[in-house]
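Here are some notes for when you have the model open. Skim them with the chain on screen.

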Amino acid sequence: MSGLSPERRQEIMALEPRLLESAIRMTRDANDAKALVAETLSAARASPFAVSDEVGVEVWVFRLLRQHFHSLERDRHHRRAVSAFVTDQTGTDGFAATRQ
């Protein structure tokens, strides 16, 4: 269980509609946005980090959303780069290209 108070958890959950709006703008896909928000809210609820009043819950949760988005984009970019490299090395049928 996290160290967040029930009030803090409610405050985090109340941000869900605004998080979804931001996530849709970031991902340009409703399903990806919903998954991103779910991951963000789960991380925020599970975090042992107690948000100080100086930082504010809203700022912290939206920062988590952006961090998760950028992490997913880095992973996607890496997978595309690896896939392109493998395709270049193997040819279109998945077998090693032979040079003559």
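1. A term before anything else: a residue is buried under 20% relative accessible area, exposed over 50%, and partly exposed in between (1.4 Å probe, protein chains only).

2. Some housekeeping. This is a predicted model, where local features need pLDDT of at least 70 and side-chain atom pairs count only at pLDDT 80 or more, while totals for chains, interfaces and linings use all residues. Residues are numbered from 1 along each chain as its sequence is written, and side-chain values use heavy atoms, with hydrogens and water left out.

3. Now the overall picture. The chain has four helices and zero strands, where helices (H or I, at least four residues) and strands (E, at least two) are DSSP runs numbered from the N terminus. Of its 100 residues, 27% count as buried. Take contacts (heavy atoms within 4.5 Å) between residues at least 6 apart in sequence: 63% of them join residues at least 24 apart.

4. Which residues of helix 3 are buried? They are Ala-33, Leu-36, Val-37, Thr-40, Leu-41 and Ala-44. Seen down the axis of helix 3, these fall within an arc of 130°, so they line one face of the helix; the arc is taken from the directions from the helix axis to the C-beta atoms. On the other side, Asn-31, Lys-34 and Ala-46 are exposed.

5. Helix 3 covers residues 30-46, and its 17 residues reach 24 Å from first C-alpha to last, close to the 24 Å expected at 1.5 Å a residue (the expected span is 1.5 Å times one less than the number of residues). At its N-terminal end sits a cap: a side-chain oxygen of Asp-29 lies 3.1 Å from the backbone nitrogen of Asn-31.

6. How many salt bridges does a search of the whole structure find? It finds two, a salt bridge being a side-chain nitrogen of Lys or Arg within 4 Å of a carboxyl oxygen of Asp or Glu. One pairs Glu-11 with Arg-8, with the closest N and O atoms 3.7 Å apart. Both lie in helix 1 (residues 6-13), three residues apart, about one turn of the helix. Glu-11 is partly exposed at 39%, whereas Arg-8 counts as buried at 19%.

7. The other pairs Glu-58 with Arg-18, the closest N and O atoms being 2.5 Å apart. Glu-58 is in helix 4 (residues 57-90) and Arg-18 in helix 2 (residues 16-27), so this pair ties together parts that are 40 residues apart in sequence. Glu-58 is partly exposed, at 37% relative accessible area.

Methods
A polar contact is a pair of N or O atoms within 3.5 Å; within protein, one must be able to donate a hydrogen and the other to accept it, and residues adjacent in sequence count only if both atoms are side-chain atoms.
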